[in-house]
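Thank you all for making the time.

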Amino acid sequence: MQVAVLKAAALIDPEVQANFHIEYSIKHTTPLHRHDYYEVFIITAGKCIHHINGEAHYMEKGTMVFIRPDDTHWYDFYDDSDCQFINVNFYKEVIEDAFKYLANPVVAQKLKSVAMPPSIVLPPSDVETLVRKGELIHLYTTLEKKKARILARSFLTDALTYYFFNDQNENEKIMPQWLDALLLELQKKENFTGGLERLYTLSDRSVGHMNRVFKQYLHTTPTAHINQLRLGYAKNLLLTTPLSILEISYEAGFDNLSHFYHLFKKNYGASPGKIRRR
């Protein structure tokens, strides 16, 4: 599947070296794409699914994500929910300058090297501060570009600072041993194909408790996690066995073929048949 490439030269004012806009609905977002610039987005209302580098992540109000050049992503609805978010894009050199200013190589290395773009959930006060600065970037881009450029760097410095301090707090949340053991058990075919019922049996914990724990430590839901394991297994079968797509669907634990097709295409950006032909 061809991935659209968004270019800084076409989207970002060279005098400001950054731009700001609001996405009011997932319906208006770009399909699967990547860029040659950095992007910071913050969910300001609602919730959605963010498909990034082949994985699906649940996001809610307050979630801030740093997208690096060449990360591949798109947005999708979570059940019947829509979401709104702000988006600030930056030239690569602006990000590099901010790393030097913060003088924290650990944060810079983590932001650039991890497989998934770093994300955190900000408190409402921090979201409000960043949204206000983003709106001022947009305003001054049309009035006084030098001020817009300064505001863009201020926004970025604040975002990186919030990330650093919140990430330190997140790292203090050590995953419980029972959850670590559960995730290991869920890697087994007989367990992830058993679905939520099998997950709850293995954990011996309530549905509400499991939902909270998965959200806190994994930033996803039990259903999404199991589906991710099933889809990964199904993709492997597509590429390594002669089984039919219907057989693979049942082997991976899906009892509804159309649901399997829907989830597979949403996750991988192509149908099972297209993945197999590749």
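**Inside the model**

The largest cavity is lined by Y38, F66, R68, I95, F99, L111, L156 and L160. Before I go further, please keep in mind that this is a predicted model, and that what I quote today was computed from it.

The volume of this largest cavity is about 40 Å³, and a search of the whole structure finds one cavity of 30 Å³ or more. If we sort the lining by class, there are seven nonpolar residues, no polar ones and one charged residue. As for where the lining comes from, α2, residues 92-102, and α5, residues 145-171, each supply at least two of its residues. The general idea behind such a search is that rolling a probe the size of a water molecule over the atoms shows where empty space is left.

Let me turn to the pockets, and in particular to the second largest pocket, whose volume is about 370 Å³. It is lined by 17 residues, and the closest to its centre are I49, A224, N227, L263 and K266. The elements that give two or more residues to this lining are β4 (38-52), β5 (55-60), α10 (222-240) and α12 (257-268). Which element gives the most to the lining of the second largest pocket? That is α10, with five residues. By class, the lining of this pocket has eight nonpolar, seven polar and two charged residues.

Is β4 mostly covered or mostly uncovered? It is mostly covered, with 12 of its 15 residues buried. With β5, the strand β4 pairs in the antiparallel sense over six bridges, and within that pairing I49 stands opposite Y58, while K47 stands opposite E60. In the hairpin of these two strands there are two residues between them, and N53 takes a positive phi near 50°.

The other partners of β4 can be taken in turn. Strand β8, residues 83-90, pairs with β4 in the antiparallel sense over eight bridges, and there I86 is the bridge partner of I42. Strand β6, residues 63-67, also runs antiparallel to β4, and four bridges join the two; here I42 stands opposite M64. Strand β7, residues 73-77, forms an antiparallel pairing with β4 over five bridges, in which H51 stands opposite W74.

N19 and V3 are 16 residues apart in sequence, and their C-alpha atoms are 22 Å apart in space.

Finally, helix α9, residues 207-218, has 12 residues and reaches 16 Å from its first C-alpha to its last, close to the 16 Å expected at 1.5 Å a residue. Which residues of α9 are buried? They include M210, V213 and F214. These three cover an arc of only 100° around the axis, which means that they sit on the same side of α9. In general, an α-helix has 3.6 residues a turn, so residues three or four places apart point the same way.

Conventions. Residues numbered from 1 in each chain as written. Predicted model: local features only at pLDDT ≥ 70, side-chain atom pairs only at ≥ 80, totals over all residues. Heavy atoms only, no water. 1 Å grid on protein atoms, 1.4 Å probe; cavity = no way out; pocket = protein on both sides within 12 Å on 5 of 7 lines; lining within 4 Å. Points joined across faces, edges and corners; volume = space filled by probe spheres on them. Nonpolar A, V, L, I, M, F, W, Y, C, P; charged D, E, K, R; others polar. Pairing = 2+ DSSP bridges. Expected span 1.5 Å × (residues − 1). Buried < 20%, exposed > 50% of the residue type's maximum accessible area, 1.4 Å probe, protein only. Arc of directions from axis to C-beta.
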